[in-house]
Amino acid sequence: MISIRNIDYDIAGKAILRDVSLDMPKHGVTALIGPNGAGKSTLLSLIARLLPLQHGRVTVDGHDIATCDTAALARILAILPQIQDAAPRLSVSDLVAFGRYPHSRGRLTDQDGAIIDAALAAFQLTDLRNRALDTLSGGQRQNALLAMIFAQGTDYLLLDEPLNNLDIAASRRLMAQLRGLADEQGRTVVIVLHDINYALAYADHLVVLAEGRVAAMGNPEEVVTDDLINRIYGTDAAVINHNNRRIVDVGP
Amino acid sequence: MRSRPVAVLCVVLLLCAVLYMTLGAKGAWSFVIPFRAGKLAGLVLVAVAISTATVLFQTVSGNRILTPSIMGFDALYSLLLTGLVFFLGAQATIQLPPMALFGLNTGLLMLGAVLLFGTLIAQTRGDLLRMILTGIIFATLFRSLTAFWQRMIDPNEFQVIQVASYARFNRIDTDLLPLASVLCLGAIALVWHRRRQWDVLALGHDAATNLGLRVRLETVFALLLVAVLVSVSTALVGPVAFLGLLVVSLARLVDGSETHARLLPIAALISGITLVGGQLALERVFALSTPLSVVVDLLGGLFFFFLLLKGRSR
């Protein structure tokens, strides 16, 4: 379980997060939604210790992220990082191999090799394994990074808007893969999403942030209503039922 | 055949070294060999120190154009030395053994490097333009302050610092060689031991943190090592602006992989060939008509422009 207590976060005197306290259940997919500037990415970065905590406390499976060994945390929790143009000539398989660093400190074993191959195969990268990162498309590069944290083999996976560079087929494939990780391997996925429909279709648990505070959380089917969308986003898209599933109708 | 470039470079460096030791020797071998061996050892030490410092600095700053010299590391070394002479005075400085002065100066440079460049890298990582500008301003400030202090001090004291202000490969300060070798080899051994960490650090702050690296700590450690290596090379031969950039860029052309396990030795070998081969050519062929540093800086400077114009900065 990821448990977050009383987090405040300011950037240059401007409040980004205010008194955020919540628990993200272990196993399953938790989606984080909210309007632009609600503090979703900041919250994710704080959980993954990419930003230093200013106030409050975060624990992952009981480990306080401020005090526990960062190398040990890297074996429990992984975040999809942004590395747009760092190391452009790195090959795909070398990048994915970095995912094993927390376990083998760069001395790859046969078992690591097998995990890397499996990660490459899971993200359709086997044919591209020797290509340099700067020769790939945005979506392929994103897949390479996903394969890297997949190979990291952590119980917790944090993803910040991973669907941004992907078309609908790749988006659905990725969401199905994350669903599979949660259902078959019992992993915990926390994902920032822009499209509420993906959250409704794939998430078990929903956290809605607005203006740096938790506006709502719970079962997506119950949380997402006409009223919530109107209140949080200030637009009057209707939530409709289709084949027993809720969908946000974005039409006028 | 991934080890072939390394083998070829080894052979070329060995050839340069043998020629440097033997070509045009007049007089007793018992004098020539130790005399030239000292200079050769100095050249190789400087070559490896500069290439290693440059690779490491490029890793922590996340770009391929900046080097410790461009950011003013060796200018800071000269400044600190001048400051020591200025504040301690001639008597104290002369009474200090050269090794103590060197040790003191190295310590101060390590402190300065972490304070100045540690904060700079934390704030501007990824912002190449701001980093280049800040580096140029730093380097100019350090050089101006050095020149100012040098004008104010006694001409006799000036001699002490003069040697730290000009690049000179002909008169390597072989008195310092034992201490410099120990420091330099120690630093290089540490860099090599942590080569896999540097690979991770090169991915950037977020990716390295995700993989469990303490990025801030590793960056400070890398800067300390860079400061030691720059001290060694500056104390032995003075500042050489563009050697590091030239040899590390060439090394990246020779080997496309991004791993430090390959980049560090290849850059060191190319650096050794450039200095030993260059000094060989200038001493024996051109009869010392041009200092080596001028040639290296000319080529390196042109290369710097080429890299900037090509825009392949990162």
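This report covers the interface of chain A and chain B, then aromatic pairs in chain B, in a predicted model.

**Interface**

Chain A puts 29 residues in contact with 21 residues of chain B. About 2,200 Å² is buried between the two chains, and 57% of that area lies on carbon and sulfur atoms. On the side of chain A, Leu50(A), Arg89(A) and Tyr101(A) lose the most area to chain B. Together they account for 31% of what that side buries.

The count of salt bridges between chain A and chain B is zero. Three residue pairs are in polar contact across the interface, with both residues at pLDDT 80 or more. Helix 2 (70–73), strand 6 (77–79), helix 3 (92–98), helix 4 (101–104) and helix 6 (138–151) of chain A each give at least two residues to the side that touches chain B. Strand 6 of chain A supplies the largest share, three residues. By class, that side of chain A has 19 nonpolar, four polar and six charged residues.

**Aromatic pairs**

Over all chains, the structure holds four aromatic pairs. Two of them are tabulated here.

| Pair | Centre distance | Plane angle | Class |
|---|---|---|---|
| Phe57(B) and Phe73(B) | 5.7 Å | 75 degrees | edge-to-face |
| Phe138(B) and Phe142(B) | 5.7 Å | 20 degrees | stacked |

Phe57(B) sits in helix 2 (residues 29–61) of chain B and Phe73(B) in helix 3 (residues 73–95), so their pair ties together parts 16 residues apart in sequence. Phe57(B) is buried at 0% relative accessible area. Phe73(B) is buried too, at 0% relative accessibility.

Phe138(B) and Phe142(B) are four residues apart in helix 5 (residues 128–152) of chain B, so about one helical turn separates them. Both Phe138(B) and Phe142(B) are buried.

Terms used. Residues numbered from 1 in each chain as written. Chains lettered and ligands numbered in written order. Predicted model: local features only at pLDDT ≥ 70, side-chain atom pairs only at ≥ 80, totals over all residues. Heavy atoms only, no water. Contact = heavy atoms within 4.5 Å. Buried area = accessible area lost by both parts, 1.4 Å probe. Salt bridge = Lys/Arg side-chain N within 4 Å of Asp/Glu carboxyl O. Polar contact = N/O pair within 3.5 Å; in protein donor to acceptor, adjacent residues only side chain to side chain. Nonpolar A, V, L, I, M, F, W, Y, C, P; charged D, E, K, R; others polar. Phe/Tyr/Trp six-rings, centres within 6.5 Å; stacked < 30°, edge-to-face > 60°. Buried < 20%, exposed > 50% of the residue type's maximum accessible area, 1.4 Å probe, protein only.
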